[in-house]
Amino acid sequence: MHTRTVFFISDGTGITAEAFGIAILSQFEFKPRHVRLPFIDTVDKAFQAVRQVNHVAEVEGRKPIVFTTLVNMEVLRVVQEGCKGMLLDMFGTFVQPLEKELGIKSLHRVGRFSDVSKSKEYNDRIEAINFSLAHDDGQSNRDLQGADVILVGVSRSGKTPTSLYLAMQYGLKAANYPLIPEDFERQQLPPALVPHRKKIFGLSISPERLSEIRNERRPDSRYAALANCRHEIAEAEAMMRRSGIRWLSTTTKSIEEIATTILQELRPERLVY
């Protein structure tokens with residue numbers, strides 16, 4: 001049962017408000033219900049958003065928490081004057097002091113995706129996503145020289161979500177390859193990967209967690225058996241050590257933590273904007 005409703009109100013997608021709000025709320029041990037209200041870019045929509053927030057306040061008997069990233073001052077004023085929630089105006093908190101400190105006015109641009117079709121960074125991201133999808137789970141050996149990162153590890157160790165996150169968030173062309181019994185028998189990396197060893201990063205996971213994940217997909221199979229998971233993990237880690245490949249365990253790490261570690265090791269320049 002949730003203990004408080006949290007709204008994220010934006011005249012864009014609301015992704016910035018939600019990401020920032022979740023980061024702050026993670027410091028508190030409670031279970032909020034999240035409601036994202038995107039594209040609140042007119043006064044009429046602002047009144048509708050206010051009515052929704054106030055209805056929740058009345059029904060729950062508690063102030064909802066409201067994070068906003070509203071650029072349009074008319075729209076923001078409607079929310080400020082009518083909202084019965086605890087309002088946290090992120091742009092007002094951070095942008096206005098920065099304007100004063102820098103001595104320049106902000107662009108007051110609605111959403112970080114404005115004019116996105118003209119953005120080289122956006123087009124690079126789309127290209128990276130397409131590359132990562134085409135090179136998911138060892139589907140293709142073509143154009144590996146164009147990869148920024150190649151992830152290896154046993155099946156279900158987190159390679160696919162990490163590859164897609166690196167592509168979507170950082171525009172990196174990330175391929176991923178599963179290490180399979182044939183590789184362990186040869187005690188060598190897949191031959192297609194050997195020329196690209198410097199781009200390779202390994203993902204491992206605890207056998208117990210791997211068995212849990214695999215049992216969700218193939219219950220009571222040899223694939224998911226704990227003994228088999230222990231064998232595969234031991235062989236994969238031994239292979240990575242022999243090959244001089246850097247690796248980490250994904251057992252207790254989020255996708256964001258995994259991706260940041262990979263960037264620090266292989267592409268540290270991507271952490272600087």
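Colleague: What should I keep in mind about the model?

Modeller: It's predicted, so local features need pLDDT of at least 70, side-chain atom pairs count only at pLDDT 80 or more, and totals for chains, interfaces and linings use all residues. Residues are numbered from 1 along each chain as its sequence is written, and side-chain values use heavy atoms, with hydrogens and water left out.

Colleague: In what order do the four strands of the open sheet run?

Modeller: In general, strands of a sheet pair through backbone hydrogen bonds, either parallel or antiparallel. Here the order is S2-S1-S3-S4, with parallel pairing. Strands are DSSP runs (E, at least two residues), helices are H or I runs of at least four, and both are numbered from the N terminus. Two strands pair if DSSP finds at least two bridges between them. S2 (32–37) and S4 (86–89) are the edge strands, each pairing on one side only.

Colleague: Over how many bridges do S1 and S3 pair?

Modeller: S1 (residues 4–10) and S3 (residues 65–69) share five bridges; Phe7, for one, has Val66 as its partner in S3.

Colleague: At what angle do the axes of H6 and H10 cross?

Modeller: Axes are lines fitted to C-alpha atoms, for helices over the stretch in contact, and angles run from 0 to 180 degrees between N-to-C directions. H6 (residues 159–170) and H10 (residues 255–266) come within 10 Å and cross at roughly 70 degrees. That makes H6 roughly perpendicular to H10 (65 to 115 degrees).

Note on methods:
Parallel < 35°, antiparallel > 145°, perpendicular 65-115°, else oblique.
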